[in-house]
Amino acid sequence: MSSREFVVLGTASQVPTRHRNHNGYLLRWDGEGLLFDPGEGTQRQMLRAGVAAHDLHRICVTHFHGDHSLGLAGVIQRINLDRVPHPVAAHYPASGQHYFERLRYATAYRETARLVQEPVAEDGVLAETPAYRLEARRLSHPVESFGYRLVEPDGRRMLPAALRAHGIAGPDVGRLQRDGVLGGVTLDEVSEPRPGQRFAFVMDTRLCDGVFALADGCDLLVIESTFLDQDVQLAEDHGHLTAGQAATVARESGVRHLVLTHFSQRYTDPAEFERQARAAGFEGELTVAADLMRVPVPKRG
């Protein structure tokens, strides 16, 4: 199993179907698990996907419509029931604080785990760890909504031919990486910059600056495409994107792998979302999400 993968728990929008659960998504990133938008049924979908409460380190809610948040009550109670030993951070729009509190304490249970509430009030960096920087950007929806973005710190890629030319091998490679110079040879002479991986999660929104800021240069972009292009006015009226709009964002932002999700129940042919995304000119890797699908984060070349 890849150490960086995206697990799809549900792909429906407002109304679930026989084949699509309400929203729910997990990003595995170097031993941490980030749960996005847990709608109804997320706890059961986690079980089906082999995701345990102990896998969760952050919960990121984009906004407080029910299909993106009603599963919070069950997930939070499961974290406590299973006595998750590490703190779990919860990010969500600050304007929805009362909704979060209602969901957190929807019924009686015994609190045994540490849930750290970290509401989001504005664009910016939410957390920094050795493995990633978590950012938020405001989106355009009838209720306050934020998208999320993970950025791995940039690094350097060692060049085997250059190392051989300078006679550097074995433990000396590690010394050079640590100290930046070895025997007069600098790290820059035997390596090149390696941009960190980038992931973005964009749910309910119209086209806006925040969408493009989140998608910029992403290796993996997960984005809503609630409507097909023929219903673009419905999308605009209700604060959503079409398949073609989502693909245009990916094309213009240099996305490597595009994942479309959050589909209206009015459509019965998932292949049409892919056709319209390709018609919009996106040529990278493309996935039309299905429940319980696993999508690896593309490796850097």
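Predicted model: local features only at pLDDT ≥ 70, side-chain atom pairs only at ≥ 80, totals over all residues.

Author: Residues are numbered from 1 along each chain as its sequence is written, and side-chain values use heavy atoms, with hydrogens and water left out.

Reader: How are H9 and H10 oriented to each other?

Author: Helices here are DSSP runs (H or I, at least four residues), numbered from the N terminus. H9 covers residues 243-253 and H10 covers residues 271-279, and they pack at an angle of about 45° with their axes 8 Å apart. Axes are lines fitted to C-alpha atoms over the stretch in contact, and angles run from 0 to 180 degrees between N-to-C directions. Angles under 35 degrees count as roughly parallel, over 145 as roughly antiparallel, 65 to 115 as roughly perpendicular and the rest as oblique, so H9 and H10 are oblique.

Reader: Which residues of H10 make the contact with H9?

Author: Contact means heavy atoms within 4.5 Å. From H9 come Ala243, Gly244 and Ala247, and from H10 come Phe273, Gln276 and Ala277.

Reader: At what angle do H3 and H4 pack?

Author: H3 spans residues 72-81 and H4 spans residues 97-104. Their axes are 8 Å apart, and the angle is about 55°.

Reader: Which residues of H4 make the contact with H3?

Author: H3 contributes Leu72, Ala73 and Ile76. H4 contributes Phe100, Leu103 and Arg104.

Technical notes:
Helix = DSSP H or I, 4+ residues; strand = E, 2+ residues; numbered from the N terminus.
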